[in-house]
Amino acid sequence: MAEKKHASGIVASGDLTKRVGVEQMRARGVDVEQLIELLIDAAGAEFTTYYYYTILRMYLAGNEDYKEICEDARLEDRSHFELITPRIYELGGSLPRDIRDFADRAGCPDAYLPDPPTAESILSVLLDAERCAVRTWNEVCDLTFGKDPRTYDMASRILQEEIEHEAWFIELLSMERDGDVRPSGHFRRGTPGASPYSKNTGFYNP
Amino acid sequence: MCDYNVELILPDGNTHRLKVGADELILDVVYREGIDLPSMCLMGWCITCTGQLVGEGKVDQSASLRYFPEDAAAGFVLLCTAKPRSDLQIRTHQRIALRDRRIACGLPTPRGGTYRLE
């Protein structure tokens with residue numbers, strides 16, 4: 001009978017303390033514990049951003065187009081949190097029990113409401129937040145490329161939306177602050193926070 | 001504008017000597033010189049780019065969004081948002097050391113980061 005080379009390995013049959021999906025990553029050079037920590041920080045940043053954007057959008061009254069776009073970014077950041085959190089647990093990690101600890105360790109700064117909360121200052125905060133997210137998810141992609149296709153795929157999908165968010169806020173801030181046209185190349189989402197790359201199926205993540 | 005001499009000591013023992021202006025961010029010059037150091041948020045928050053002073057030195061860290069007196073007391077530098085105020089000698093790749101110090105001090109800190117060369 002031909003040998004089944006994938007039928008056994010470092011994880012013994014019946015061993016529930018290890019995961020082949022994790023050990024395969026280690027074998028390919030991924031520092032899984034560090035990756036988990038980075039993902040928790042990144043999830044914390046998505047979650048806090050979702051929270052802070054909730055406030056920021058309230059102060060865009062009179063700029064209804066900005067408000068809607070901020071809402072798209074807000075809901076999509078929540079989708080990113082929802083997408084990456086199951087992966088943290090799959091890898092053997094977990095979220096902090098206390099939400100204060102979660103916020104404290106977020107990998108990106110708090111997107112506080114600026115003072116005064118003008119459209120320009122709010123757009124600046126939004127842009128900085130998106131840029132930090134782009135850098136973060138690029139880093140996750142770099143660390144997982146060719147070694148951990150599942151995390152890479154999630155990070156890549158999140159990154160695609162973060163790049164779009166950055167382009168939106170460049171377009172809006174450029175016109176608001178400088179009077180310059182710098183098209184993002186995008187039009188509005190079909191539905192608010194559509195998350196075209198990052199949303200799981202409706203059953204899993206309604 | 002005054003240039004300061006900044007010497008970087010990498011984990012493999014290699015050193016790089018830079019001239020950094022008082023209005024320049026150290027990491028900007030690092031990248032301009034083609035030196036590969038870890039970084040992520042570039043806002044003085046995520047601590048990925050942390051270095052630590054060897055000996056005495058003065059650094060303007062006012063551009064950092066989260067930098068504690070305890071960080072400064074232990075000589076930690078967030079290179080992405082650091083401007084020199086004296087000649088400096090800095091040991092790079094000190095993210096884990098800063099993270100552990102903040103945890104020991106009960107201060108908030110990101111826990112993860114790139115692990116290249118750490």
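The model is predicted, so local features require pLDDT of at least 70 and side-chain atom pairs pLDDT 80 or more, whereas totals for chains, interfaces and linings use all residues. Residues are numbered from 1 along each chain as its sequence is written, chains are lettered from A and ligands numbered from 1 in the order in which they are written, and side-chain values use heavy atoms, with hydrogens and water left out.

Thr92(B) is buried, with a relative accessibility of 2% (buried, under 20% relative accessible area; exposed, over 50%; partly exposed, in between; 1.4 Å probe, protein chains only). Apart from neighbours within four places in sequence, Thr92(B) contacts Leu8(B), Ile9(B), Leu10(B), Pro11(B), Leu37(B), Thr50(B) and Gly51(B), a contact being heavy atoms within 4.5 Å. The loop between strand 7 and helix 3 of chain B also holds His93(B). His93(B) is a residue other than glycine with a positive phi, near 60°, and is buried at 12% relative accessibility. Ile47(B), in the loop between helix 1 (26–32) and strand 3 of chain B, likewise is not a glycine and has a positive phi of about 65°. The relative accessible area of Ile47(B) is 2%, so this residue is buried. Most residues other than glycine have a negative phi, and most peptide bonds are trans.

Helix 3 of chain B spans residues 95–105, and its buried residues are Arg95(B), Leu98(B), Arg99(B) and Arg102(B). Viewed down the helix axis, these buried residues fall within an arc of 100° and therefore line one face of helix 3 of chain B; the arc is that of the directions from the helix axis to the C-beta atoms. The cover over the buried residues of this helix draws on both chains, and includes helix 2 of chain A as well as strand 3 (50–53), helix 2 (69–73) and strand 5 (76–78) of chain B.

Elsewhere in chain B, Ser86(B) occupies the loop between strand 6 (83–84) and strand 7 (88–91). Ser86(B) is buried, its relative accessible area being 17%. The side chain of Ser86(B) reaches the backbone nitrogen of Lys58(B) at 2.8 Å. When residues up to four places away in sequence are not counted, Ser86(B) touches Tyr4(B), Gly57(B) and Lys58(B).

Chain A contains six helices and zero strands. Its C-alpha atoms fill a box of roughly 70 × 35 × 30 Å along the principal axes. Chain A has 206 residues, of which 48% count as buried. Among contacts in chain A with a separation of 6 or more, 73% are between residues 24 or more positions apart. Asp115(A) and Pro116(A) are joined by a cis peptide bond with omega of about 0°, and Pro116(A) lies in the loop between helix 4 (99–104) and helix 5 of chain A.

Points are joined across faces, edges and corners, and a volume is the space filled by probe spheres set on them. Two cavities of 30 Å³ or more were counted. The largest cavity has a volume of about 50 Å³, and helix 2 (32–58) and helix 5 (119–144) of chain A each contribute at least two residues to its lining. The residues lining the largest cavity include Glu46(A), Asp77(A), Cys108(A) and Trp137(A).

The second largest cavity, of about 40 Å³, is lined by Leu38(A), Asp41(A), Ala42(A), Gly107(A) and Thr136(A), together with Met40(B), Cys46(B), Thr48(B), Pro110(B) and Gly112(B). Helix 2 of chain A gives the most to this lining, with three residues.

The largest pocket has a volume of about 280 Å³. Of the 15 residues that line the largest pocket, Ile69(A), Asp72(A), Phe187(A), Arg188(A) and Arg189(A) lie nearest its centre. Helix 3 (64–90) and helix 6 (149–178) of chain A each supply at least two lining residues of the largest pocket, and helix 3 of chain A gives the most, with five.

Note on methods
On a 1 Å grid over the protein atoms alone, a cavity is a set of points where a 1.4 Å probe fits but cannot get out, and a pocket is an open set with protein on both sides within 12 Å along at least five of seven lines; lining residues have an atom within 4 Å of a point. Helices (H or I, at least four residues) and strands (E, at least two) are DSSP runs, numbered from the N terminus. A polar contact is a pair of N or O atoms within 3.5 Å; within protein, one must be able to donate a hydrogen and the other to accept it, and residues adjacent in sequence count only if both atoms are side-chain atoms.
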